[in-house]
Amino acid sequence: MVSAPPAPPTFQTGFPIRPDRLVEAATPEDVREAVAYAGGRGLHVAAHASGHGLPGPVEGGVLIATRALDSVTVDPVRRTARIGAGASWGRVIEAAAPHGLAPLNGSSPSVGAVSYTLGGGLGILAREFGYAADHVRSLDVVTADGTARRVTPEREPELFWGLRGGGHRLGVVTGMEIALVAVERLYGGSIVFDGAWAAEVVRGYLAWTRTVPETLTSSLAALVYPALPQLPEELRGRYVISVRVAFTGSAEEGERLVAPLRAIGRSAPILSDLLREMPYTESHTIHSDPPFPHAYYGDSAVLGEPDAERTVQAFELAGPRAPMMTVVQLNHLGGALAARPEVENAVPYRDAGFLLRLLSPLDGTEVGAVRALYGEVGRVLEPAVLGRSLNFSFGGGDRTAGFHEAETAKRLAGLVSQYDPAGLFGGPYGA
Ligand SMILES: Cc1cc2nc3c(=O)[nH]c(=O)nc-3n(C[C@H](O)[C@H](O)[C@H](O)COP(=O)(O)OP(=O)(O)OC[C@H]3O[C@@H](n4cnc5c(N)ncnc54)[C@H](O)[C@@H]3O)c2cc1C
């Protein structure tokens, strides 16, 4: 079972993975054996599904690749799915759709469902249904002592609390059971404006978010498209800013709700308007995240109520005049994200209004220069910043502070010292 590397393929190619031992787990028992092997030798352990979220270099230790644990079983009567640690959201969407059901997946179908959920999981229907972590029924996890545990609200309540939103440092999850939602179709897509009018679009978007119901989830994204031949000619090298929408109500009501967005087009030219009714299986087209592996750095700021002019300034700093290409995204939070789930969990910052995300390709760009830019953006938004988002910290390495409020971070640190006193999984996140 234990073999020498090469490392498995990763979506994130910007940071090296050089484990001493690679375990390609074919069963949950392989995971248990690998953790026991590492624990017995004091080696650190990392899990790897698709490699979208690698938080930093993985040097030495044991890497457990879970990609073969990709089973998905839907129970249409209980409206649940049991998902293996290596399954992507795309597989879960496909398995749930024939039953008129959907998971609370995010923008990209290739992201791993388990790791996304352990980090909270901010989905395309988030304002209506809350975080993915709020819909977990049970988790199968191998803790540092090499014990395989079925974790439920009744059996291990504190671990059940921490695994949902507390991140990836409590053990290796081999599978989970989640509740699905009865969604077959939605109204949504994107509306793309000329970035030269980004300030107007940011102001208009922020004002619009105050008027929408919680059945509508949206985000704003700005970027300068690289001058790549694969892109349509009119987009190459062009600065654009788009609003992405997902609404589970009728198409008619959706059209009415987006009318003020389209009205922004009276001052900011609209380049494309792809809002439409679609089956849920096409929901990945709303964001059209790049499907190919690449190198990137990313970080985020969870915000309370940001000032509109400061938000405009943040978009400007990361816009065409930025020293490196940077995608800026602003997710509208609130709605069900602010509600406490039936069984409390470690998902932080429930009162946040928005999440600002920055992502820069690392094609020869120095990480230090990227961090300097992000620091500037952070300072502009400072009065509204509550913390950072674990799921949107890409390549942050040792930057693990601010993912949870101090109280939650302390409670999670208590769990780490109970279940992983030797810090096999990296020890607790900072407060
Ligand atoms: C293009 C793109 C789109 C995204 N969209 C969203 C979105 O809409 N909403 C959102 O919330 N997030 C989103 N994310 C972030 C994503 O949810 C996280 O990066 C997540 O950790 C990726 O999981 P993975 O399995 O795909 O990646 P991996 O890199 O394989 O895993 C990430 C980390 O999770 C841990 N881990 C993996 N498997 C396990 C396991 N079985 N048990 C314990 N720990 C484990 C490891 O520490 C690993 O380093 C996106 C990321 C990308 C790159």
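Author: What follows goes through the ligand, then a glycine, then a pocket.

Author: This is a predicted model, in which local features need pLDDT of at least 70 and side-chain atom pairs count only at pLDDT 80 or more, while totals for chains, interfaces and linings use all residues. Residues are numbered from 1 along each chain as its sequence is written, and side-chain values use heavy atoms, with hydrogens and water left out.

Reader: How many residues surround the ligand?

Author: A residue is near a molecule if one of its heavy atoms lies within 4 Å of it. Here 30 residues surround the ligand, and the closest are Ala-49, Ser-50, Gly-112, Ser-115 and Val-173. The shell divides into 15 nonpolar, 14 polar and one charged residue. In this scheme Ala, Val, Leu, Ile, Met, Phe, Trp, Tyr, Cys and Pro are nonpolar, Asp, Glu, Lys and Arg are charged, and the others, Gly among them, are polar.

Reader: Which helix gives the most to the shell around the ligand?

Author: Helices (H or I, at least four residues) and strands (E, at least two) are DSSP runs, numbered from the N terminus. Helix 3 gives the most, with four residues. Strand 4 (45-48), helix 3 (113-118) and strand 11 (172-179) each supply at least two.

Reader: Which polar side-chain atom lies 2.6 Å from an oxygen atom of the ligand?

Author: A polar contact is a pair of N or O atoms within 3.5 Å. The side-chain atom in question belongs to Ser-115. Backbone N or O atoms also take part: one of Ser-107 lies 2.9 Å from a ligand oxygen, and one of Leu-122 lies 2.8 Å from a ligand nitrogen. Taken alone, the ligand exposes 960 Å², and the protein buries 94% of that; such areas come from the Shrake-Rupley method with a 1.4 Å probe.

Reader: Is Gly-90 buried or exposed?

Author: Buried means under 20% relative accessible area, exposed over 50%, and partly exposed in between (1.4 Å probe, protein chains only). Gly-90 has 14%, so this residue is buried. Gly-90 is found in helix 2 (residues 89-96).

Reader: What volume does the second largest pocket have?

Author: On a 1 Å grid over the protein atoms alone, a pocket is an open set of points where a 1.4 Å probe fits, with protein on both sides within 12 Å along at least five of seven lines; lining residues have an atom within 4 Å of a point. The volume, the space filled by probe spheres set on the points, is about 280 Å³. Of its 17 lining residues, those closest to the centre are Asp-299, Ser-300, Tyr-374, Gly-378 and Arg-399. Helix 9 gives the most to this lining, with six residues.

How values were computed. Polar contact = N/O pair within 3.5 Å; in protein donor to acceptor, adjacent residues only side chain to side chain.
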